[in-house]
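These exercises go through one protein structure step by step. Try each task before reading its solution.

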Amino acid sequence: MSDETENTVLEAIDIIEIMKMIPHRYPLLLVDRVKDINPGESATGIKNVTMNEPQFQGHFPNRPIMPGVMIVEAMAQTAGVLVIKSLDAANTGKHVLFMSIDNARFRAPVTPGDVMHIKVSKKQQRGPVWKFTGIVEVEGKKVAEADFAAMITD
């Protein structure tokens, strides 16, 4: 990658563009916006958590908490957008598939009204396999983190 590309931070991507890049749809589309995009390196996803989301009917009826697996999925979707944007592969039929999750930690509950800032950074890339570190923050406080890998497929 050239020095010029490494230092380029792209404009934020809205939900319409996100839906062109990844196949997820409601109720499993878990990223509303992606900003601070440094192609091939890092990005920050934004997820506005609302009480209207279906998981809160059962998790939990008297104390709605975002399931940890959905927080990790939001990390993966943010990484998927980063990969597709980095490869300029929107509308090409390429998909980013989750491969593994390691070292997941959940430090505080995420509840309706929270805004998740999902920071993903590439750790390594070998061919179609990309490895990432993700950190989710709410109001500047780390609420979750994980290392994970994904593969690019046709």
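**Exercise 1.** Does Phe132 count as buried, partly exposed or exposed, and what is its relative accessibility?

Solution. The scale comes first: buried means under 20% relative accessible area, exposed means over 50%, and partly exposed lies in between, with a 1.4 Å probe and protein chains only. Phe132 has 1% relative accessibility, so the residue counts as buried.

Two notes apply to every exercise. The model is predicted, so local features need pLDDT of at least 70 and side-chain atom pairs count only at pLDDT 80 or more, while totals for chains, interfaces and linings use all residues. Residues are numbered from 1 along each chain as its sequence is written, and side-chain values use heavy atoms, with hydrogens and water left out.

**Exercise 2.** Find how many aromatic pairs the whole structure holds, and classify two that involve Phe132.

Solution. 
- Step 1: the rule. Rings of Phe, Tyr and Trp (its six-membered ring) pair if their centres lie within 6.5 Å; planes under 30 degrees apart count as stacked, over 60 as edge-to-face and the rest as tilted.
- Step 2: the count. Searching the whole structure gives three aromatic pairs.
- Step 3: Trp130 with Phe132. The ring centres are 6.1 Å apart and the planes meet at 15°, so this pair is stacked. Both Trp130 and Phe132 are buried.
- Step 4: Phe132 with Phe148. Here the centres lie 5.4 Å apart and the planes are at 25°, so this pair is stacked.
- Step 5: the place in the chain. Helices (H or I, at least four residues) and strands (E, at least two) are DSSP runs, numbered from the N terminus. Phe132 belongs to strand 5 (residues 129–138) and Phe148 to strand 6 (residues 141–153), so the pair ties together parts that are 16 residues apart in sequence. Phe148 has a relative accessible area of 3% and is buried.
- Step 6: the cluster. Phe98, Trp130, Phe132 and Phe148 make up one aromatic cluster.

**Exercise 3.** Which residue lies over the face of Trp130, and at what distance from the ring centre?

Solution. A charge sits over a ring if NZ of Lys or CZ of Arg is within 6 Å of the ring centre and within 35 degrees of the ring normal. Lys122 lies over the face of Trp130, 5.6 Å from the ring centre.

**Exercise 4.** State how many salt bridges the structure has, then describe the one between Glu17 and Lys20 and the one between Lys119 and Glu137.

Solution. 
- Step 1: the rule. A salt bridge is a side-chain nitrogen of Lys or Arg within 4 Å of a carboxyl oxygen of Asp or Glu.
- Step 2: the count. The whole structure contains eight salt bridges.
- Step 3: Glu17 and Lys20. Their side chains meet at 3.2 Å, N to O. The two are three residues apart in helix 2 (residues 15–21), and are therefore separated by about one helical turn. Glu17 is partly exposed at 33% relative accessibility, and Lys20 is partly exposed with 43%.
- Step 4: Lys119 and Glu137. The closest N and O atoms of this salt bridge are 3.0 Å apart. Lys119 lies in strand 4 (residues 115–126) and Glu137 in strand 5, so the pair ties together parts that are 18 residues apart in sequence.
- Step 5: a network. Salt bridges also link Arg107, Lys142 and Glu145.

**Exercise 5.** Where does Glu53 lie, and which residues does its side chain meet?

Solution. 
- Step 1: Glu53 is in the loop between strand 2 (42–48) and helix 3 (68–86), and counts as buried at 9% relative accessibility.
- Step 2: Glu53 forms a salt bridge with Lys47, with 3.2 Å between the closest N and O atoms. Lys47 also counts as buried, at 5%.
- Step 3: the side chain of Glu53 reaches the backbone nitrogen of Thr50 at 2.7 Å.

Terms used. Polar contact = N/O pair within 3.5 Å; in protein donor to acceptor, adjacent residues only side chain to side chain.
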